[in-house]
Amino acid sequence: MNFIEDLNWRGALNQVTNEDGLIDAMQSGEIGAYVGTDPTADSLHLGHLIPFMVLKRFQNAGGKAVIIIGGGTGAIGDPRPTTERQLLSPEQLHENEKGITEQVTKLFGDANTAIVNNNDWLGKLTLTDFLRDYGKLFSINVMLKKDVVASRLETGISFTEFTYQILQGIDFHELWRRQNVQLQIGGSDQWGNITSGIDLIHSIEGNDAKAFGLTIPLMTDSSGKKFGKSEGNAIWLNPEKTSPYTFYQFWFNQSDEDVVKYLKYFTFLGVDEINTLENESKNNPGGRIAQKRLAQEVTKFVHGEQAVVDAEKLSAALFSGDVADLSAADIADAFGGVPSFDITSEKKNIVDFLVDGEVEKSKRQAREDVTNGAITISGERVTDLNFEIDPTKHYDGKFVLVRRGKKKYFLGTVK
């Protein structure tokens, strides 16, 4: 399959401006494609990964991958469908640029890749140059019809955000001129901005200039929820914001209804291998074979092979209950969402400990559960009612992990 056929099979193609022309351009020699991202945060999240996966496929097909870190456009703000963005300080933008640059460098490597900052050219434009050289080439009538602008006309949109589509068009032309970038890739909501860039290139360079646009469909899960939205919490690519274990678990916990779709989109596995995984999952729906492979592949792509090894080691320890030798970081990572309570570093009788931490509702219930072997402290089953809990014994003296029954965990945190 060629690049477009592969995207179609994977469900990763929404619109393309000139499919045959793009394929011809790719076959005639190395061309570039770009994805832009504004440094609105110090890390990318899963929503950003969607267009970057398509750019990576373009690179694997023999093209050059170009990534714009929007130091210039980030200072303006891409218009949202509802409200104006809060402008970031130059210092915060600079810090965000550094974090995102490190991440895309890791994803794409150095070979056949260019990472640029559009402030290098947008920051040198004077107001009169902007109006004379570019403003004259954009029709207000056409700009008002762009979806994101039209959605804001009733509530209001600033002139600053209104001109964003011109800046994005300038980006496309600059990369077309500097690095032979003939394709821009973006989400389905970027179609208007992408076509504006193509129109600008044709206005300046002539209608025969080769420039193409490609958008990706809005990705939702089987329930119709926008992909990557987890109870309002973003899944970040920065391992300090979302640990590799949590990242791995996000993919491992995908539903049977969604897993094949995500294997097609977020991995580089081929048709035969994905079809095999799909059949294995249908024959053994409880085995989560496809989910495990999905988690392995995406975690390896974003965080590396060692992160997969570490995540699976932690998963196995949690499944077996053998948690005594885990690190404090592992405990904080894996049990950050369980009920927690504050403790001191002093030793305390187990019954009092369980009641004070509200693990048990009464001393009678606490004594009964301890005697029956239902209580495990930091991986050690306790049946002695006189047992004293020593918070300094495990996990660098930071935590005491309590398990009641088979699955109910509580975390005591030393303060």
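Q: How many cavities of 30 Å³ or more does the structure hold?
A: This is a predicted model, so the count describes the model's own atoms. Rolling a probe the size of a water molecule over the atoms shows where empty space is left. For cavities of 30 Å³ or more, the number held by the structure is two.

Q: Which residue of the largest cavity's lining is charged?
A: The largest cavity holds about 40 Å³ of space, and its lining divides into three nonpolar, four polar and one charged residue. The lining residues are Gly321, Val323, Thr376, Ser378, Gly379, Leu401, Arg403 and Tyr409. Asp, Glu, Lys and Arg count as charged. In this lining, that points to Arg403.

Q: Is Ser378 buried or exposed?
A: Ser378 is one of the residues that line the largest cavity, and its place is the loop between strand E9 (375-377) and E10. Its phi is positive, about 50°, although Ser378 is not a glycine. Buried means under 20% relative accessible area. Because its relative accessibility is 3%, Ser378 counts as buried.

Q: Where does Tyr395 lie?
A: Tyr395 is a residue other than glycine with a positive phi, near 55°. Its relative accessibility is 4%, so Tyr395 counts as buried. As for its place in the chain, Tyr395 lies in the loop between strand E11 (388-389) and E12.

Q: Which strands stand at the edges of the open sheet of five strands?
A: Strands of a sheet pair through backbone hydrogen bonds, either parallel or antiparallel. Here the pairing is mixed and the order is E7-E13-E12-E9-E10. Each edge strand has a single partner strand, so one side of it is left without a neighbour in the sheet. The edges are taken by strand E7 (340-343) and strand E10 (380-381).

Q: What is the bridge partner of Arg404 in E13?
A: Strand E12 (residues 399-404) pairs with strand E13 (residues 408-414) in the antiparallel sense. Six bridges make up this pairing. For Arg404, the bridge partner in E13 is Lys408.

Q: Which strands are the edge strands of the open sheet of six strands?
A: This sheet has mixed pairing, and its strands come in the order E1-E6-E5-E2-E3-E4. An edge strand here pairs on one side only. The edge strands are strand E1 (15-16) and strand E4 (113-117).

Q: How many bridges join strand E5 to strand E6?
A: Strand E5 covers residues 181-187 and strand E6 covers residues 212-216. The two run parallel, and Gln184 has Gly213 as its bridge partner in E6. The number of bridges that join E5 to E6 is five.

Q: Is Lys98 buried, partly exposed or exposed?
A: Lys98 is found in helix H4. Buried means under 20% relative accessible area, exposed over 50%, and partly exposed in between. The relative accessible area of Lys98 is 41%, so Lys98 is partly exposed.

Q: How far apart in space are Lys98 and Val148, C-alpha to C-alpha?
A: Val148 is one of the residues that line the second largest cavity. In sequence, Lys98 and Val148 are 50 residues apart. In space, C-alpha to C-alpha, they are 29 Å apart.

Q: Which helices each supply at least two residues of the lining of the second largest cavity?
A: The second largest cavity has a volume of about 40 Å³. Its lining has five nonpolar, two polar and two charged residues, among them Asp78, Phe162 and Gln165. The helices that each supply at least two lining residues are helix H8 (147-150), helix H9 (159-162) and H10.

Q: Which element gives the most to the lining of the largest pocket?
A: About 1,400 Å³ of space lies in the largest pocket. Of its 50 lining residues, the closest to the centre are Gly47, His48, Arg85, Asp189 and Gln190. Two or more lining residues come from each of E2, helix H3 (46-60), helix H10 (164-179) and E5. With six residues, the element that gives the most is H3.

Terms used. Residues numbered from 1 in each chain as written. Predicted model: local features only at pLDDT ≥ 70, side-chain atom pairs only at ≥ 80, totals over all residues. Heavy atoms only, no water. Pairing = 2+ DSSP bridges. Helix = DSSP H or I, 4+ residues; strand = E, 2+ residues; numbered from the N terminus. 1 Å grid on protein atoms, 1.4 Å probe; cavity = no way out; pocket = protein on both sides within 12 Å on 5 of 7 lines; lining within 4 Å. Points joined across faces, edges and corners; volume = space filled by probe spheres on them. Buried < 20%, exposed > 50% of the residue type's maximum accessible area, 1.4 Å probe, protein only.
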